[in-house]
Amino acid sequence: EYWRRQAQETLRNALRLQHLNQNVAKNLILFLGDGMGVSTVTAARILKGQLHGQGEESLLEMDKFPFVALAKTYNTNAQVPDSAGTATAYLCGVKANEGTLGVSAGVTRDRCNTTKGQEVTSILRWAKEAGKAVGIVTTTRVTHATPSAAYAHSANRDWYSDGEMPPDALEGGCKDIARQLVENIPEIEVILGGGRKYMYPRNVSDGEYPHEEKQRGTRLDGRNLVQAWREAKPRGKVAEYVWHRRGLLALNVSRVDFLLGESLHPWVPWHQLGALGGPLSCPGVLGQLQWPVIFQGCCCLRGMGVPYPGHAGGRIDHGHHEGKAKQALHEAVELDRAIGLATRLTSTQDTLSVVTADHSHVFTFGGYTPRGNPIFGLAPMQSDVDRKPFTSILYGNGPGYKIVAGERENVSAVDFAHADYQAQSAVPLRQETHGGEDVAVFARGPMAHLLHGVHEQNYIPHAMAYAACIGSNRGHCNAAARPATPLLLPFLGLLLLFC
């Protein structure tokens, strides 16, 4: 009877969707979970439930979104994509080659001289050109591939500063990504993330970690881009730069027009995530403090139309690459918590929220585990080949491949519940790889029904722009009904993310 009642309630909710929400979206929010494939979403749902005394039956906040689609993630030259080509797709609306940012498929990676005339603009720029307030928040460096497609055009995702660029690219007139962050769209209202060393001249000591050589500035041109960011703002506008949680808390955001926040480290070790007082992009701080600070703070930021900027959950991706599923899944739960807060602070009548991923990972969980089995626990049986136990979570490849005395490592001899445990993998690699399967797209709000079925990933920003009456496809818009000053929020992490 329980299952029948549940199904009937679901049916009633589905029937209500026949009345489509065709309002113009005042606000757009894009949450990007970097590397958050379908298997990650499912495992994160179980983890979230188990953290709250439930389990498989629990719901993520994104699960509650009424419209769901699948996005095909391949790059124009890659069956299994990277984060740069996918970011160009879901932010700029065109597919691109792997490793390239904000440019068409006419650009070859590393070839600066193929870039001119191939630049493509993002939904963030479309919103800005329509007079909207925009923001980017990420748990990665702000120059990472996931967020940077929102503002940059680059033949190589790794050209964070001119210190990372080859001589031919510099001679060819290509700009590094940090410089483009400051120059391409100078009036982005909110930018929060990591990677501040790319903003300062080479060998300039970091203010927080003055004795760490690897954290010194990297720029060859001698420019201080934080200062350049301030100077690019219109006269009479207040631009604030923060690099630590304390600075963010101290802001009187009602008097701030532009906010740039950059921590030193784009991420911190997992065992430190719960520590207060960490850098801006530390997910532990985000979970305990930063969400309410950002969300509540920006509702008072001058000129902003909605209560918060967005987020890219970039560390989901980092955790998977390291084979550390515990890190990846906890980060996904944190991203979902942010989605829940955004849902409570906005209305489906005027806010289109979209949650998706740039790509998946070769992450899986199985082994016929019983209901309620700890998500990081063992399968209920031993292998019928080597007679050893195995964890439910495994990777297709990555650093978790371990041979001990000529045999697969016996996981019962290690602490597989540890935060830094690297789940076993089938093929040894220093870094685990992305997966090539489709990713989910969850949508809620005006015109959310446009995200349905199976789509090319580059369709996403076109649907969002249509809903908000920005960009080139505005023939359906009633000018009298268009809202004033909506806010676009790419969640780079991501999260992008991300992240």
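This is a predicted model: local features need pLDDT of at least 70, side-chain atom pairs count only at pLDDT 80 or more; totals for chains, interfaces and linings use all residues.
Begin by selecting Cys 112 and Cys 174, which are joined by a disulfide with an S to S distance of 2.0 Å. This pair links distant parts of the chain, since Cys 112 sits in the loop between α3 and α4 while Cys 174 sits in the loop between α6 and α7, 62 residues apart. Both of these cysteines, Cys 112 and Cys 174, are buried, and their link is right-handed, with 105° about the S-S bond.

Select Cys 469 and Cys 477 next, where a disulfide holds sulfur atoms 2.0 Å apart. Here the link of Cys 469 and Cys 477 is left-handed, with -105° about the S-S bond, and both Cys 469 and Cys 477 are buried.

Now move to helix α3, residues 83–92, where ten of the ten residues are buried, including Ser 83, Tyr 90 and Leu 91. Cys 92 counts as buried because its relative accessibility is 4%, and buried means under 20%. At the start of α3, look for a side-chain oxygen of Asp 82 that reaches to within 3.3 Å of the backbone nitrogen of Ala 84; following the helix comes Gly 93, whose phi is positive, near 85°.

Finish at the largest pocket, which has a volume of about 760 Å³. Of the 25 residues that line this pocket, select the closest to its centre: Asn 13, Ala 14, Leu 17, Lys 64 and Pro 66. Helix α1, residues 2–16, gives the most to the lining, with seven residues, and by class the lining has nine nonpolar, nine polar and seven charged residues.

Definitions and conventions. Residues are numbered from 1 along each chain as its sequence is written. Side-chain values use heavy atoms; hydrogens and water are left out. Buried means under 20% relative accessible area, exposed over 50%, partly exposed in between (1.4 Å probe, protein chains only). Helices (H or I, at least four residues) and strands (E, at least two) are DSSP runs, numbered from the N terminus. A polar contact is a pair of N or O atoms within 3.5 Å; within protein, one must be able to donate a hydrogen and the other to accept it, and residues adjacent in sequence count only if both atoms are side-chain atoms. On a 1 Å grid over the protein atoms alone, a cavity is a set of points where a 1.4 Å probe fits but cannot get out, and a pocket is an open set with protein on both sides within 12 Å along at least five of seven lines; lining residues have an atom within 4 Å of a point. Grid points are joined across faces, edges and corners, and a volume is the space filled by probe spheres set on the points. Ala, Val, Leu, Ile, Met, Phe, Trp, Tyr, Cys and Pro count as nonpolar, Asp, Glu, Lys and Arg as charged, and the others, Gly among them, as polar. A disulfide is a pair of cysteine sulfur atoms within 2.5 Å.
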